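Biologist: I would like to learn how to read the core of a fold. Please show me one.

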Amino acid sequence: MDNDKKLLRELYYHRETCVNSLLIKTNCDHDQAENIFIEAVFTFRKKKQIGSLPTKKLNTRAYLIGICYKLWQKQYEREKKFKDSSTDIAQYFYEYLPNHINSESARSYKENLLVAIQESLISMGQKCRKIIRLYYYEEKSMTEIAEIMEFNTPVVATSTKYRCFKEFKDKAFKMIKKVENSDF
């Protein structure tokens with residue numbers, strides 16, 4: 001246990017360097033950098049416990065910064081995919097709304113689309129509905145969502161939000177296809 005405390009103290013000693021390095025070289029904010037650093041510490045600790053650290057003389061600070069960058073890159077890629085998928089639904093509405101129908105039919109079509117989206121949300125689990133509501137309607141940050149939902153880190157909240165949104169999008173597209181195939 002003393003070795004674990006000693007390791008955590010040693011790793012925490014590099015906190016400022018790692019956080020500042022992330023702030024300078026990435027587009028993350030201070031809270032994200034701090035969260036990434038904490039996750040990097042846990043990753044380093046786990047690697048040490050299972051014996052998967054390099055056996056040669058290890059520059060702890062450089063290795064920790066490397067873990068931070070890899071974690072940031074993973075988070076960035078997840079967020080990029082999520083942003084791309086979140087614009088998919090909006091694009092879908094604008095690109096695929098029938099231009100050939102009259103305004104009364106278009107209004108009915110849009111109402112049916114909104115019903116389909118609402119039914120998609122209702123059909124999801126309570127946890128996913130809550131995450132979507134917190135993020136999109138209440139505009140909470142991932143840090144706030146992690147606290148509210150009692151996730152370990154904002155990274156967990158982000159990946160859960162991504163999974164939930166993908167599920168919502170898939171359900172919504174299926175219901176929208178039904179609306180498109182119905183008579184106007």
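Modeller: Start with the term. A nonpolar core is a set of buried Ala, Val, Leu, Ile, Met, Phe, Trp, Tyr and Cys residues joined through side-chain atoms within 4.5 Å. Buried means under 20% relative accessible area, with a 1.4 Å probe and protein chains only. This is a predicted model: local features need pLDDT of at least 70, side-chain atom pairs count only at pLDDT 80 or more, and totals for chains, interfaces and linings use all residues. Residues are numbered from 1 along each chain as its sequence is written, and side-chain values use heavy atoms, with hydrogens and water left out.

Biologist: Which residues touch the most other members of the largest nonpolar core?

Modeller: M124 and F168 do, in a core of 20 residues.

Biologist: Which elements give two or more residues to this core?

Modeller: Helices here are DSSP runs of H or I, at least four residues, numbered from the N terminus. The contributors are α5 (103-122), α6 (126-137), α7 (142-149) and α8 (154-181). Helix α8 gives the largest share, six residues.

Biologist: What is M124 in contact with, leaving aside neighbours within four places in sequence?

Modeller: Contact means heavy atoms within 4.5 Å. M124 meets R129, I132, C164, E167, F168 and K171.

Biologist: Which residues does the second core include?

Modeller: That separate core has 19 residues, among them L11, F44, L64 and L71.

Biologist: How much of the protein chain is buried?

Modeller: In soluble globular proteins, nonpolar side chains tend to be buried together. Here 36% of the 184 residues count as buried. The chain has eight helices and zero strands.

How values were computed
Buried means under 20% relative accessible area, exposed over 50%, partly exposed in between (1.4 Å probe, protein chains only).
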